[in-house]
Amino acid sequence: MLLNCLAKQIRALQSTFTAACRMSSVATENAEFTEVEEPPMVYGGYTNLRQAWVSNLDTIKENPSTIIDLHPQVFGSRPRIDIIHENIVWQRKYRYVSYANTKVTAEVNMSSKKPWPQKGQGRARHGTRRSPLFKGGSVIHGPRSHTTHFYMLPFYKRVYGLTSTLSVKLIQDDLHIVNNLDLPSDDPSYINDLVDSRLWGPSVLFIDDTDTMPRNISLALNQIKHMNLMPVYGLNVYSMLKHETLVLTVAAVKKIQERLLYQLHRPDVHQATKKFMLNMQN
Amino acid sequence: MALRILFKNITLRSGMPLQLNNLVCKRDSSYRSSPIAQDPSCYAKYEVSSSSEEWKFVERLLPSTLIPTPSNRKDLPSGWQPQTATFGEYPYFVHRSRNHMLPVYLKVSMRGTRRITQINNVDGNIWALEAAIKKYLTRVYGDKKIIATKVHEVCGHLCIHGDHVSKVKEWLLKKGL
């Protein structure tokens, strides 16, 4: 159904858009790659189609076989650094609950007796030692637990956060695309060697379009704490920035493009930008 | 709720005691007591078709998942104009918004005292667009106004100090953008 929708969308888009989601095969034995076809004009003649090699994980040495075309509205958008920052702040805050707590006068565990008579002592008049004027007394305007910091970022800020971060990652050469996540062994040293030899940085985030990952990579990454597996529906700005390298499978790329292009071109925007309710079904 | 008592296979004769076990309680307008739905053919005549010709009429009713491409007519009563400029015609390009409208907005801040015209989705050489718009606006206003601009090259935003939304829109439409 979704694929159908995408096909329809792509057909309905202007001809300049149709180059998206197309994989062009380049023969590996053709060393010079002379017959690379001219990339079609996409999204204007100024913002070109983005392209990336599709490499593999089953050998330590990189063996890229094909080139995948990436849609410029998803992987080549103009990065809004401010929106990326807003996403990060939102992701830190929506799950944060402050447990800082202070007591008001009634809650302080102290005698409620009048400390000294009202008159005759030459001292200031006081009714209780619990008052904020006394040491060990209450606190005025102090924090009260549990303060939730939950809020919802506007929908299209979340969408643009994803496209901006993907574009930034791609242009910084921190986004790599592999054909699948199949490893020859479940030994963690294999994936460590692979990541070291390809200079993928210590922390890597692998993204696939399903949440049932292949056995070998699951067992290997279970031992390595700074490399993680994630399904497409878990893709988020915070994790993409937390990990130095983002590795997507081809299926994940297609799914991400499909979903984000749908959100960027959907006509019923009012549905998506409705006020957030806790019991809402997406 | 109406409560109806049906006598099951019994005709009440005088002198015969009421046998409550034989009484069936029936509640009208209740979900459970309503008749069980029959096969759809009992209610309406229909035939199942799998022809693609007829499916077109169903597709016409389904909500669209994409904003449709607008017509190329230039005489629409709303005054909306299609984008006619092609890439390469100018060193810059202004993409329409997802609704095919011009991305020119008025940003009002400082309690209404600061008005800034913002052009989004600028592609290509944004500095050339800035120079062209500056030239146009100075020609319109002469020495009466200082046209101050701010260029955000990374995001493709061009901000002009003052409320020039209609002038800028007019100029962009004249250029076919």
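Local features are given only at pLDDT of at least 70 and side-chain atom pairs count only at pLDDT 80 or more, while totals for chains, interfaces and linings use all residues. Residues are numbered from 1 along each chain as its sequence is written, and chains are lettered from A in the order in which they are written.

Confidence comes before geometry. The pLDDT (the predictor's confidence in each residue, from 0 to 100) averages 84 in chain A, where 83% of the residues score at least 70. Residues 1-42 of chain A have a pLDDT below 50, and beyond near neighbours in sequence this stretch has 51 contacts in the model. Two residues are in contact if their C-beta atoms, placed from the backbone, lie within 7 Å. Where pLDDT is low, the predicted coordinates should not be read in detail.

Chain A has two helix pairs to examine. Helices (H or I, at least four residues) and strands (E, at least two) are DSSP runs, numbered from the N terminus. Helix α3 (residues 81-93) of chain A packs against helix α4 (residues 155-171) of chain A at an angle of about 115 degrees, and their axes are 8 Å apart. That angle makes α3(A) roughly perpendicular to α4(A). Axes are lines fitted to C-alpha atoms, for helices over the stretch in contact, and angles run from 0 to 180 degrees between N-to-C directions; 65 to 115 degrees counts as roughly perpendicular, under 35 as roughly parallel, over 145 as roughly antiparallel and the rest as oblique. The crossing of α3(A) and α4(A) is left-handed, meaning that the near helix is turned anticlockwise from the far one by less than a right angle. On the α3(A) side, Ile83(A), Ile84(A), Glu86(A) and Asn87(A) take part, meeting residues of α4(A) that include Lys157(A), Arg158(A) and Tyr160(A). This contact has three nonpolar, four polar and three charged residues. Here Ala, Val, Leu, Ile, Met, Phe, Trp, Tyr, Cys and Pro count as nonpolar, Asp, Glu, Lys and Arg as charged, and the others, Gly among them, as polar.

In the second pair, the axes of helix α5 (residues 188-197) of chain A and helix α6 (residues 215-223) of chain A come within 8 Å and cross at roughly 85 degrees. These two helices, α5(A) and α6(A), are therefore roughly perpendicular to each other. Pro188(A), Tyr190(A) and Ile191(A) in α5(A) meet Ala220(A), Leu221(A) and Gln223(A) in α6(A). By class, that contact has five nonpolar, one polar and no charged residues.

A loop of chain A comes next. Tyr99(A) lies between β4 (97-98) and β5 (147-148) of chain A, and it counts as exposed because it has 8 C-beta neighbours inside 10 Å. A residue is exposed with 12 or fewer such neighbours, buried with 20 or more, and partly exposed in between. Apart from neighbours within four places in sequence, Tyr99(A) is in contact with Ser145(A) and His146(A). Ser145(A) and His146(A) are themselves joined by a cis peptide bond, with omega about -15 degrees.

Chain B has three helices and eight strands. Buried residues make up 11% of its 177 residues. In the loop between β3 (92-94) and β4 (104-109) of chain B sits His100(B), whose phi is near 65 degrees. Met110(B), in the loop between β4 and β5 (114-119) of chain B, has phi near 50 degrees.
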